[in-house]
There are 4 protein chains.
Amino acid sequence: MIHKRKVAILGATGAVGQRYIQLLQGHPWFEIEVLAASERSAGKKFKDACNWLMETDLPDEIAEMSVVNADVESVENAGDVHLVFSSLPGDLAGPVEAEFGAMYPVFSKASAHRMEQDVPLIVPEINSDHAELIRLQQKIRGWKGFITTDPNCSTIQLVLTLKPLMQFGLKQIVVSTMQALSGAGYPGVPSLDIIDNVVPFISGEEEKMEAETLKILGCFNGECVENADLKLSASCNRVNVKDGHLESVFVKLDQDPTLEQIKEAFINFKGVPQDLLLPSAPKHPIIVRNEKNRPQPRFDRDSGCGMSAVVGRIRKDPIMTFKYMCLGHNTIRGAAGGGILSAELFVAKGLA
Amino acid sequence: MIHKRKVAILGATGAVGQRYIQLLQGHPWFEIEVLAASERSAGKKFKDACNWLMETDLPDEIAEMSVVNADVESVENAGDVHLVFSSLPGDLAGPVEAEFGAMYPVFSKASAHRMEQDVPLIVPEINSDHAELIRLQQKIRGWKGFITTDPNCSTIQLVLTLKPLMQFGLKQIVVSTMQALSGAGYPGVPSLDIIDNVVPFISGEEEKMEAETLKILGCFNGECVENADLKLSASCNRVNVKDGHLESVFVKLDQDPTLEQIKEAFINFKGVPQDLLLPSAPKHPIIVRNEKNRPQPRFDRDSGCGMSAVVGRIRKDPIMTFKYMCLGHNTIRGAAGGGILSAELFVAKGLA
Amino acid sequence: MIHKRKVAILGATGAVGQRYIQLLQGHPWFEIEVLAASERSAGKKFKDACNWLMETDLPDEIAEMSVVNADVESVENAGDVHLVFSSLPGDLAGPVEAEFGAMYPVFSKASAHRMEQDVPLIVPEINSDHAELIRLQQKIRGWKGFITTDPNCSTIQLVLTLKPLMQFGLKQIVVSTMQALSGAGYPGVPSLDIIDNVVPFISGEEEKMEAETLKILGCFNGECVENADLKLSASCNRVNVKDGHLESVFVKLDQDPTLEQIKEAFINFKGVPQDLLLPSAPKHPIIVRNEKNRPQPRFDRDSGCGMSAVVGRIRKDPIMTFKYMCLGHNTIRGAAGGGILSAELFVAKGLA
Amino acid sequence: MIHKRKVAILGATGAVGQRYIQLLQGHPWFEIEVLAASERSAGKKFKDACNWLMETDLPDEIAEMSVVNADVESVENAGDVHLVFSSLPGDLAGPVEAEFGAMYPVFSKASAHRMEQDVPLIVPEINSDHAELIRLQQKIRGWKGFITTDPNCSTIQLVLTLKPLMQFGLKQIVVSTMQALSGAGYPGVPSLDIIDNVVPFISGEEEKMEAETLKILGCFNGECVENADLKLSASCNRVNVKDGHLESVFVKLDQDPTLEQIKEAFINFKGVPQDLLLPSAPKHPIIVRNEKNRPQPRFDRDSGCGMSAVVGRIRKDPIMTFKYMCLGHNTIRGAAGGGILSAELFVAKGLA
């Protein structure tokens, strides 16, 4: 793999776009060729178009790149691109990603296409076989490229921990989230809304968690994805934390494994990215903390370079089978890091 | 009621003790006669013994009072007391409250005696009839006084909202809490533990919620309290909020009322304190907010002078019957305000 | 004063506009007749046009009022108004306030007109005589109404504490501010900018403090205001506090009073609003705290109903004459409360 | 330098002790041999004695080490030590460090000995020649070892930026600090004290800054350190930030350099650690940010691996000569990192 694949980032000036830029520095397979964003930013140098939010410095060569408009013609004029990461905001993502999907592999963090029947919704450790759905998509749509999607940031970490529970007959999940500020993008949550406060509402979030989980954990039968036979109920809250979504999870299983068996299932879980040694794959997709008061966002969100789900407080439940806490980094595994891992999977499988 | 009853506050220098002092200013039935605390504080002026944490100023006449040791002899030497509010820390509360209970009506915020068979665990709107249990207690223990207790701060607000659901056949409650810093007292949670963070563990809290709820909602049959026939599962978290515990609640009912019927049940709920017009009784024990993103701690904790539970986001649930958010002020209704309302109930019923 | 004066609020939907609404509830002299805002809000009910940010509930009768566009014709069609409070954003305030000023007394919180030669910049305790400047303004501009202005929110509280120091020959002030989030309006500071952070820059703030202070403390000679003969240097910072600007102040005086004399000067300071018993005048314009660690924003911002400046830590300085801390509520005394007090002053003086 | 020097850490379980452990992982010259702390911790495994606060995981081999009591005999029984890092709390540090100083080179973060005449107070880039003072100390005290000290965490970063200004005739410094929570150790500042608040008082901090600066910038004449001929006035505040002290600095110089000359002086400043390529020396002791709103604690505290002072907002001042902001990481450069750099200096100079 001598030549790196050149990539475009759509929505490069946003919070997730910036995280893509940060995580792609020194990536062994991909290099950034084009930065695209809305008309407002087009034509400017990246450093002038973007309010850089990462704690690491903006790389000089990125700073000086010109931002182009997020349409196929502008991107093609700007460089020779092999694949596209999209972190466009929801309202723009639909049509723009479709325009690119006709020509390029598009890895999307937007919700626009997630629930479409011929679009994969991928968490590489869980359902890498769903990637094959793009062949159907290309046939139906007559496209050379394709769109594949990543789940919502509060869903990804949760489904990682649900997958190993399916062996015990997973039936019901009740989850209450405490989600980080960065999940709302930038400028996102006004400080006056969240100081000394919690906001118990995130628009569309509960519906996404409830629907996406069934598709991700579902079966691809060669023609479509059949939803998993389980139910999820979510209650979503915004808390005053920078990064890291923390979730209280209550689970009902058909079987009654011991807490030790559950813990083992979490610890031993791995998937295709680990087998293929994909560059962004964490060694352990799930890390179990044994302390009585973990995981905590500030201490655990960077586990596995932000790509692992962190689980703790596994305990019996008076109503369901058991309960636990889980945590994931919402802008790494839950956004740019998840997108890059998906792209690595598609490349490794010869699909992109 | 010409003469006010003189009261002693045990644990007066602590965070809850201070809230008692604040709320008893100008109270029509009670006046503060003695401030008691640990040996470390005894003999000092209150202003020197206490790090005053309330946003209202320390009243001058309280500032100058001498703190006495929290034992019966010291308190009796300091003044002529009719009833006792105890906000002693858990380890001290057990024996000291028992010493006072032999002689005085003791209204306790500590967990030490809550689950004892002959001790009432009171939320006045819900189970005012449990107050009669003290007659049994006095007989068994040979006491002139008695001990009655208030629930844990995360339990009180929740049970207020559960009581009106019992008419629909309440069976199961799954709850995930986001609890305020003041629930841990002072100095309590170190700032380095909670900045940019959530702590998903509060020692003993889940067990208390799971046990206390069944007793409070239970039936007093004249001899003892029979636990309510329901199950509760709690997951408790500490968030970076000063006051106000917020809870995601998922409820299973036998019946299937409409959301409108549930809302009506919340709004119309009232109890003995409202009928008796007790001085600290909120007009509405439960306030329902219709906005899509409420209740929120900073905006709603002072509803009903901090004595109301605030409910919002009542919605159908894919697994349970319905879900909602509830909020209460943990150091007013959840602590000192709750204790004062209990005392008002006992006085009004001629029990204290 | 049987009939209350009817007022219009320009910029009523903003953070300061909301504070005007809150503070004018039950005001003995003024009642709200018209709520005006930008075109985007015009025609909507106030409750639909505004994201209500106050911790007290939006009054029902205000909620149902229609918002009109902030121009004279729209306001006149909406009601019969005697005076106008403007909390328009800086870019709009200039021309719109001038349009209203031709007809009505306008009390402005915007910076647009503050430094104009014929416009008073008023802190009622300090320079109530500057109000006479409007006669000149009316003559020069040929207006029936006038514009008078209040200082920047970080200036007001500081100058209140500087005024009593002028008797000692005030010469130099070095001040470093720690300003609250609400000073930036709503949505204002993004939470991602301020969590676990301080932002050492507020656009234009240092220049405003340095210029406005000289005008406020200056002398009105019947024709114009001569700047006070002193110098101020400011360094302005935004901190993670909801309300209340805190300032480290270092002062050089010609004389060398004792700390006790300085303290007395602060405590004894009062002005025309106190003499006239204006409804919004705090009893003590300056409150001195003796604790070693006060004033603090959360504990002291509501002193004097948010209308007092709170001073503490008065101590000798190795370079200047002495140093101290001062605090004020930036959206009460620093904004709507200050505007209302100014209007009360003009009414009491027969100027409005 | 084949063999690493073995070190003991006194106060190893505290916040600064933990930072020493973190920073010494993989250090080329030093390895941890003994962990010492108070009696309460002695005899326990480190992982049981310590509430690990670092965001990186506690290294396994450290976790299993036994903590010994912080006295010479216990430390000697535990291992063969060449030098000692002390982060003991102020009250203990005095006598314990003296006991160790008689035998070992002691690098102290405590304030106990800083101002003693024969004890160096070192910032390696500034006054590496003061290290020679230990020869005098050894002679006077008859010690084989010695004590050398690092300044207070709010002083270090400031003096780094003051040193290059001395060429312009530095005369007066007025500084107002906004200091991080970690500066108070653990548990340190209660969360209830700092949420939605600033605390304008840190015990002894202003006095330390005012005294230490003069000694550090002073001249060692072979017999003692003569204080620098300048004056400093400090006002110290605690803000709700995890790490990173931010300071508003106002400076009076004899000369009147341009802002560009001042900026150049900051950028070009370097010292002995840079010349000797000491392992912990930052490439640039001072980093200048050109953005209008930097430095900011969260974004800049890790500059130069937390060992650089970061300067920004250099601008003219109406009273003093110029003003600027400076920031440093208080538990790296301001504590453990500073201690390690001092030890590297002494080793490189053959003094330890």
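1. Arg313(B) belongs to strand β13 of chain B, residues 309-316. Helices and strands here are DSSP runs numbered from the N terminus, a helix (H or I) having at least four residues and a strand (E) at least two. Although Arg313(B) is not a glycine, its phi is positive, about 55 degrees. Arg313(B) counts as buried because it has 21 C-beta neighbours inside 10 Å. The term buried requires 20 or more other C-beta atoms within 10 Å of the residue's own, exposed means 12 or fewer, and partly exposed lies in between, with C-beta atoms placed from the backbone.

2. The model is predicted: local features need pLDDT of at least 70, side-chain atom pairs count only at pLDDT 80 or more, and totals for chains, interfaces and linings use all residues. Residues are numbered from 1 along each chain as its sequence is written, while chains are lettered from A and ligands numbered from 1 in the order in which they are written.

3. Cys305(D) sits in the loop between α13 (297-300) and β13 (309-316) of chain D. With 15 other C-beta atoms within 10 Å, Cys305(D) is partly exposed. Most residues other than glycine have a negative phi, and most peptide bonds are trans.

4. Two cis peptide bonds deserve a check. In chain A, Tyr186(A) and Pro187(A) are joined by a cis bond with omega about 5 degrees, and Pro187(A) is placed in the loop between β7 and α9 (191-194) of chain A. In chain D, a cis bond links Tyr186(D) to Pro187(D), with omega about 0 degrees; Pro187(D) lies in the loop between β7 (170-179) and α9 (191-194) of chain D.

5. Chain A is assigned two domains: domain 1 (5-152 + 335-348) and domain 2 (153-329). These bounds come from an automatic or database domain assignment. The C-alpha centres of domain 1 of chain A and domain 2 of chain A are 24 Å apart. Each domain of chain A puts 33 residues into the contact, where contact means that the C-beta atoms of two residues, placed from the backbone, lie within 7 Å. On the domain 1 side, the elements giving two or more residues are α6 (124-127) and α14 (332-348) of chain A; α14(A) gives the most, with 8 residues. That side divides into 16 nonpolar, 11 polar and 6 charged residues. Nonpolar covers Ala, Val, Leu, Ile, Met, Phe, Trp, Tyr, Cys and Pro, charged covers Asp, Glu, Lys and Arg, and polar covers the others, Gly among them.

6. Between chains, 35 residues of chain A are in contact with 35 residues of chain B. On the chain A side, at least two residues each come from β7 (170-179), β10 (231-238), β11 (245-253), α13 (297-300) and β14 (322-328). The most come from β10(A), with 5 residues. The chain A side comprises 16 nonpolar, 10 polar and 9 charged residues.

7. In chain C, the axes of helix α1 (residues 15-24) and helix α14 (residues 332-348) come within 9 Å and cross at roughly 55 degrees. Axes are lines fitted to C-alpha atoms, for helices over the stretch in contact, and angles run from 0 to 180 degrees between N-to-C directions. The angle makes α1(C) oblique to α14(C); angles under 35 degrees count as roughly parallel, over 145 as roughly antiparallel, 65 to 115 as roughly perpendicular, and the rest as oblique. Among the contacting residues are Val16(C) and Arg19(C) of α1(C), and Ile332(C) and Ala335(C) of α14(C).
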